[in-house]
Amino acid sequence: MPKAKALTTKDDNARVSPYSKSKPSKSTTSSKFNADKENADAKPSSKPKLSRAAADIQSQYSDFRDIPLDEFDDEVPCYDDASIVRRKLNKLLTDKQYIPGTNKKWTQASMSKEMEVLESRMGGVECHRNSTGPSPRSLGTFLKKKGKMGGGDSPAYYWGYVLLEKLRIWEGGKKSKAREEAEME
């Protein structure tokens, strides 16, 4: 077996040490191509332009919780099934949207608190008269259910629907086709 050669050239010594002794120049570190885009702070986005209807509603009411909804027998009729309400509530949670009028993002706890505030302002529903709105735990349980009406008996379904309806009106959103068909029935 032949003997190994001793490292003698400058290039061979450079291979042995893992880091070069020279520091990178400032021009390469500050270059826009070397910037760490993934960990850079996101620029605060400007507020989206409001539709005329949303601007009218927001000028008329100081808070989205104050928007009145059509009630029949002291209850707001639910035109969306539980799976649609769950999908919309989960979208609020995953998109990290801000609660209107605050600088806080939606969490299950904040969502539950908003539903409790809605119940205290509107009064309880007949089947949930003694409750104080859904707790974060019952909201989490509702969000984990499956199927069109899985969790349809939960107070989180009703108050989640009311919350979403007020947010839709506040933001100037349109009704879906399925929603309009359900209103016709």
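Okay, two housekeeping points. Because this is a predicted model, local features need pLDDT of at least 70, side-chain atom pairs count only at pLDDT 80 or more, and totals for chains, interfaces and linings use all residues. Residues are numbered from 1 along each chain as its sequence is written, and side-chain values use heavy atoms, with hydrogens and water left out.

So, the fold. We have eight helices and zero strands, and going along the sequence you read α-α-α-α-α-α-α-α. By helix I mean a DSSP run of H or I with at least four residues, while a strand would be a run of E with at least two, and the numbering goes from the N terminus. Of the 185 residues, 30% count as buried. Buried here is under 20% relative accessible area, exposed is over 50%, and partly exposed is in between, using a 1.4 Å probe and protein chains only. The areas themselves come from the Shrake-Rupley method.

Let's go inside. Leu 89 sits in helix H4, and with 0% relative accessibility it counts as buried.

Now the aromatics. How many aromatic pairs does a search of the whole structure find? Two. The rule: rings of Phe, Tyr and Trp (its six-membered ring) pair if their centres lie within 6.5 Å; planes under 30 degrees apart are stacked, over 60 edge-to-face, and the rest tilted. One of the pairs is Phe 142 with Tyr 157, which is tilted, with 6.4 Å centre to centre and 45° between the planes. This one links distant parts of the chain, as Phe 142 belongs to helix H6 (residues 136-144) and Tyr 157 to helix H7 (residues 155-171), 15 residues apart.

On to charges. Side chains of opposite charge can pair when their charged atoms come close. In this structure there are eleven salt bridges, counting a side-chain nitrogen of Lys or Arg within 4 Å of a carboxyl oxygen of Asp or Glu. Which parts of the chain does the bridge between Lys 148 and Asp 81 tie together? Lys 148 is in the loop between H6 and H7, and Asp 81 is in the loop between H3 and H4, so the bridge connects parts that are 67 residues apart in sequence. The N to O distance is 3.8 Å. The two ends have contrasting surroundings, if you look: Lys 148 is exposed at 60%, whereas Asp 81 is buried at 17%.

Next, look at Glu 183, which meets Lys 175 at 3.2 Å, N to O, and also Arg 179 at 2.8 Å, N to O. Arg 179 and Glu 183 are four residues apart in helix H8 (residues 177-184), so about one helical turn separates them. As for accessibility, Glu 183 is partly exposed at 28%, Lys 175 is partly exposed at 35%, and Arg 179 is buried at 7%. Elsewhere, shared partners join Asp 63, Arg 65, Asp 66, Glu 114 and Arg 121 into one salt-bridge network.

What about charges gathered on the surface? Asp 70, Glu 71, Asp 73 and Asp 74 form a patch of negative charge there. Patch residues have over 30% relative accessible area and no salt bridge; like charges are joined within 9 Å, and nonpolar side chains (Val, Leu, Ile, Met, Phe, Trp, Tyr) within 5 Å. Lys and Arg count as positive and Asp and Glu as negative, with His and the chain ends not counted; each charge is placed at NZ of Lys, CZ of Arg, CG of Asp or CD of Glu. Asp 74 is in the loop between helix H3 (52-60) and helix H4 (82-94), and is exposed at 59%.

Last stop, the backbone. Most residues other than glycine have a negative phi. Lys 96, though, has a positive phi, near 55°. Lys 96 lies in the loop between H4 and helix H5 (108-122), and at 48% relative accessibility counts as partly exposed.

Technical notes:
Areas by Shrake-Rupley, 256 points an atom, 1.4 Å probe, with all protein chains shown as cover.
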